[in-house]
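I opened my notebook to go through this structure one stop at a time. Here is what I looked up, in the order I looked.

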Amino acid sequence: MRESTLRELTLRLKNAAPTLQLEENADMARYTTLHLGGPADLMANPDDPAQIPLLIDAARALDVPVTVIGNGSNLLVRSGGIRGLVIRICRNLRGVEVNGDRIRAQAGTMMSSLSMAAADCDLGGLTFASGIPGTIGGGVYMNAGAYGGEMSQVVTLVEGYNMAGEPFRYSRPDLHFGYRFSRLMKENKIITHVTVQLPPGKREDLLAEMVDFNRRRAEKQPLTFFSAGSTFKRPVGGYAAALIDAAGLKGYAVGGAQVSEKHAGFVVNRGGATFDDVLRLMDHIRSEVLRTSGVELEPEVKIIRG
């Protein structure tokens with residue numbers, strides 16, 4: 001983004017929304033769980049959903065591209081960073097409202113927080129989400145799941161804005177959920193609220209199940225290294241980790257990026273990894289798995305090339 005455009009956009013946003021948190025040259029390594037990526041020209045952290053149309057209108061008026069992120073737990077950002085405006089729907093937009101067996105959460109609420117809020121109200125159906133390091137908005141966007149549960153099982157309504165700043169409301173059938181998929185992935189919409197409907201449960205039982213899931217995660221996953229979670233989607237009839245292991249790639253490294261020695265389904269940043277390191281490693285994994293098993297792996301991480 002040209003310096004003059006950046007100054008004008010920043011000025012317009014400050015005038016339109018004085019409480020809006022803005023950061024120029026935001027280091028994306030601070031905002032992704034892989035801890036890599038170059039600077040974003042301008043990052044906005046809205047603290048009110050009503051600020052989102054203002055962000056979109058200001059960016060459109062100056063022909064500035066817009067990228068939307070959540071907690072950055074599923075992102076691979078290029079070393080050159082992200083041009084234009086990044087809208088981060090995360091900690092500034094969090095909170096839950098409980099109404100019987102329904103919870104309406106702001107999209108920046110962490111999945112783990114929503115899981116705990118549900119358990120505190122004796123509501124089940126979300127224990128699988130207790131260890132997922134993403135926001136509820138991101139979880140719905142990609143239909144996140146674990147241990148037999150996924151967001152499609154509990155979501156009843158998603159609200160937000162399209163990239164013209166117009167509001168939308170999608171009920172569960174509208175979302176066209178699939179494995180690690182919703183229609184939102186194709187439509188580039190901004191989620192502000194998610195409503196879930198949950199079955200009854202007992203708090204102590206739900207907490208015990210969450211503890212068990214998190215123990216199993218700690219035993220099997222490389223939680224002591226930076227990663228973006230599962231690097232590849234589960235192929236039909238198999239598991240990416242098993243195919244990668246069978247190709248002899250566990251522990252294989254390119255620069256600072258490595259196939260986890262603990263769980264082959266994870267590419268980890270073992271220190272100093274770059275975008276190119278991770279991308280080259282992912283390409284090598286896909287090539288070797290295709291050669292050895294005939295299966296073409298599909299990335300689960302979202303790659304932002306700028």
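**Entry 1: around helix α3.** I began just past α3, where D122 has a positive phi of about 60 degrees. Helices and strands here are DSSP runs numbered from the N terminus, with helices being H or I of at least four residues and strands being E of at least two. A note to myself on the source: this is a predicted model, where local features need pLDDT of at least 70 and side-chain atom pairs count only at pLDDT 80 or more, while totals for chains, interfaces and linings use all residues. Residues are numbered from 1 along each chain as its sequence is written, and side-chain values use heavy atoms, with hydrogens and water left out.

Next I asked which residues of α3 (residues 111-120) are buried. I found M111, L114, S115, A117, A118 and A119. Buried means under 20% relative accessible area, exposed means over 50%, and partly exposed is in between (1.4 Å probe, protein chains only). The cover over these buried residues includes β6 (96-99), β7 (102-106), α4 (136-141) and α6 (203-220).

**Entry 2: helix α8.** I moved on to α8, which runs over residues 275-293 and has 19 residues. From first C-alpha to last, α8 reaches 27 Å, close to the 27 Å expected at 1.5 Å a residue; the expected span is 1.5 Å times one less than the number of residues. In α8 I listed F275, D277, V278, L279, L281, M282, I285, E288 and V289 as buried. A reminder for reading such a list: an α-helix has 3.6 residues a turn, so residues three or four places apart point the same way. What do the buried residues of α8 pack against? I noted β4 (75-77), α7 (240-246), β14 (253-254), β15 (257-259), β16 (266-269) and β17 (302-304). After α8 comes G294, with a positive phi near 80 degrees.

**Entry 3: charged pairs.** I looked for salt bridges, meaning a side-chain nitrogen of Lys or Arg within 4 Å of a carboxyl oxygen of Asp or Glu. The count comes to 17. One of them joins E23 and R30, whose closest N and O atoms are 3.1 Å apart. E23 counts as buried because its relative accessibility is 18%, and R30 counts as exposed because its value is 54%.

E298 pairs with K233, again with closest N and O atoms 3.1 Å apart. E298 is in the loop between α8 and β17 and K233 is in the loop between β13 (226-230) and α7, so this pair ties together parts that are 65 residues apart in sequence. E298 is partly exposed at 44%, while K233 is buried at 14%. I also found a network of salt bridges linking D212, R215, R216 and E219.

**Entry 4: R88.** I found R88 in strand β5 (residues 82-88). R88 is buried yet has no salt bridge, and the nearest side chain of opposite charge, E23, is 7.5 Å away. For charge, Lys and Arg count as positive and Asp and Glu as negative; His and the chain ends are not counted. Leaving aside neighbours within four places in sequence, R88 is in contact (heavy atoms within 4.5 Å) with Y31, M43, A44, N45, P46, I69, G70 and N71.

**Entry 5: cysteines.** How many disulfides does the structure hold? I found 0, a disulfide being a pair of cysteine sulfur atoms within 2.5 Å. C90 counts as buried at 2% relative accessibility, and C121 counts as partly exposed at 36%.
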